[in-house]
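Subject: Structure to look over

Hi,

Here is the structure I promised to pass on. Have a look at it first, and then read my notes below.

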Amino acid sequence: MARVLITGGTGMIGKRLSQMLAEKGYEVVVVSRQSSVGSRQSSDVSSQSSVVSLQSNISYAQWNIEEGWLDKDSFAKADYIIHLAGAGIADKKWNRKRKQEIVESRTKSSGLIVTSLKTISNKVKAVISASAIGWYGCNLTHPDKYRDSKGEGFKEDALAADDFLGDTCKQWEQSIEPVTDLQKRLVILRTGIVFSNDGGAYEEFKKPVKKGMAAILGNGEQVISWIHIDDICRMYIHALENNQLQGVYNAVAPMPVKNKDFTLQLAKAIRGKYFISLHVPSFILRWMLGEMSIEVLKSTTVSAEKIRQTGFTFLYPSIQAALQQLINKKN
C-alpha cells in the first residue's frame, strides 16, 4: 500500500486522519518536531533514520522547520504528502508576535516541503494541503460573492478577504502552490470549524453547557461553516485517492448553522431542559479575546457544492447528525 507523509500529524485532525489511513492499509509517517529517538544532533538527517514504529503501519519522523531539514529517507519513500502543519489560530491571544508565528508556521513549513521536493529524489504523486475558510472574511463585506437569497455561500473563486486571516490564508496557499511547477498534483482544502470530541471549538462550546449555560455569542445570528472530524478526514482521503481532484475545495458541511441555533441544540442534546440560555455581549468577547473576537462574531457562509460534485458524500451533513454522533460516542 502507498506511504503517506503527514505534517502536523500530532494535531486534532492529524491524529484521526492517521488512524483512518492506517485502517485502510496505508503506511503513515507522521512528521513531527519531536521523535522518541531523541534530539537530532545534526542537520544532516540523511545519515541516520529518525523513523520509529509506533503501532502497526504508523511511524514518526522528525523535521525542523527553522533549521530547514527533514528526514530525507522518509521523504524519498513517500507516495503522498498531507500538509497540516501550522500554529493554532485560537490557541493564544493575538499580538504581533503571535500573528507572525501563525503565518510563518504555515509558509515556512510549506517552503520546506517545496524545497525538499526540488532537492530530494522522490516519488510523490500529490500534495494535499490544508487552508482555511478564513480566506473569505464576512458575508456582509463580500456581497459580490455571497448570495443569501439563493442559499449559496462563498465559492472557491472568491477573492481573499482584506484582513489578517484572509491574508494569512493567501500567503499559506501561495507558499505551497510551487508544487504544481514540479508536476505534482496539488489539492488545497479550505477547512471550516472542525467539530471533534478531541479538542478544538466543539470542546470550547461544551464547557459552559456542562455548567448548565447555553452561551450564545453576541447576537447569535452569525453563521458557522463547520465540518465533522470524520468528514474532514474522509475528504483528505478522497482527495488523495482521486486523481481528478486538483486545486481548491471548500471543506465544510453542506448545512451551515447559526451560532444561536447550534448552541441551543447542543444544550438540549446534553442537558435536556435543564439549562439557561444567555447572550455573551460582543464587548465582553472583545475584551477577552481582543482582535480574535472578530472571528468569533463574524458570519461566514461557505459552499460545499464543488467538493460534492466530485462524488464526495458527507456522513454528517447536518448539525443534528453531527451532534448525535459526537455525544453518543463520548458517552
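One term before anything else: a polar contact here is a pair of N or O atoms within 3.5 Å, where, within protein, one must be able to donate a hydrogen and the other to accept it, and residues adjacent in sequence count only if both atoms are side-chain atoms. With that in hand, look at Thr310, whose side chain makes a polar contact with the side chain of His238 at 2.9 Å.

Some housekeeping. This is a predicted model, so local features need pLDDT of at least 70 and side-chain atom pairs count only at pLDDT 80 or more, while totals for chains, interfaces and linings use all residues. Residues are numbered from 1 along each chain as its sequence is written, and side-chain values use heavy atoms, with hydrogens and water left out.

The overall picture

The protein has eleven helices and 15 strands. Those are DSSP runs numbered from the N terminus (helices are H or I with at least four residues, strands are E with at least two). Of the 331 residues, 52% count as buried. Buried means under 20% relative accessible area, exposed means over 50%, and partly exposed is in between, with a 1.4 Å probe and protein chains only. Contact means heavy atoms within 4.5 Å. Among contacts between residues at least 6 apart in sequence, 78% join residues at least 24 apart.

Thr310 and His238 are 72 residues apart in sequence, and their C-alpha atoms are 9.2 Å apart in space. A polar atom of the Thr310 side chain also lies 2.5 Å from the backbone oxygen of Ile307. Setting aside neighbours within four places in sequence, Thr310 is in contact with His238, Gln244, Leu245 and Tyr249.

His238 is one of the buried residues of helix 6. How many of the 13 residues of helix 6 are buried? Eleven of them are, and the helix is mostly covered. Helix 6 (residues 229-241) reaches 19 Å from its first C-alpha to its last, close to the 18 Å expected at 1.5 Å a residue. The expected span is 1.5 Å times one less than the number of residues.

Helix 1 and strand 2

The twelve residues of helix 1 (residues 12-23) should span 16 Å at 1.5 Å a residue, and the end C-alpha atoms are 17 Å apart, which agrees. The buried residues of helix 1 are Ile13, Gly14, Arg16, Leu17, Ser18, Met20, Leu21 and Ala22. They pack against strand 1 (3-7), strand 2 (27-32), strand 4 (58-64), strand 6 (80-83), strand 9 (193-195) and helix 6. Just after helix 1, Gly25 takes a positive phi of about 100°.

In strand 2 you will find Val29, which is buried with a relative accessible area of 1%. Leaving out neighbours within four places in sequence, its contacts include Val4, Ile6, Tyr60 and Ser74.

Helices 3 and 4

The axes of helix 3 (residues 96-119) and helix 4 (residues 164-176) come within 8 Å and cross at roughly 10°. Axes are lines fitted to C-alpha atoms, for helices over the stretch in contact, and angles run from 0 to 180 degrees between N-to-C directions. Helix 3 and helix 4 are therefore roughly parallel to each other; angles under 35 degrees count that way, over 145 as roughly antiparallel, 65 to 115 as roughly perpendicular and the rest as oblique.

Arg106 is in helix 3 and, at 6% relative accessibility, counts as buried. Its side chain reaches the backbone oxygen of Ile102 at 3.0 Å. Beyond four places in sequence, Arg106 is in contact with residues including His83, Thr168, Trp172 and Ser175.

Arg190 lies in strand 8 and counts as buried at 2% relative accessibility. Its side chain makes a polar contact with the side chain of Glu173 at 2.7 Å, and a polar atom of the Arg190 side chain lies 3.2 Å from the backbone oxygen of Glu156.

Gln183, in the loop between helix 4 and strand 8 (185-191), counts as exposed at 69% relative accessibility. Gln183 has a positive phi of about 65° although it is not a glycine.

Cheers
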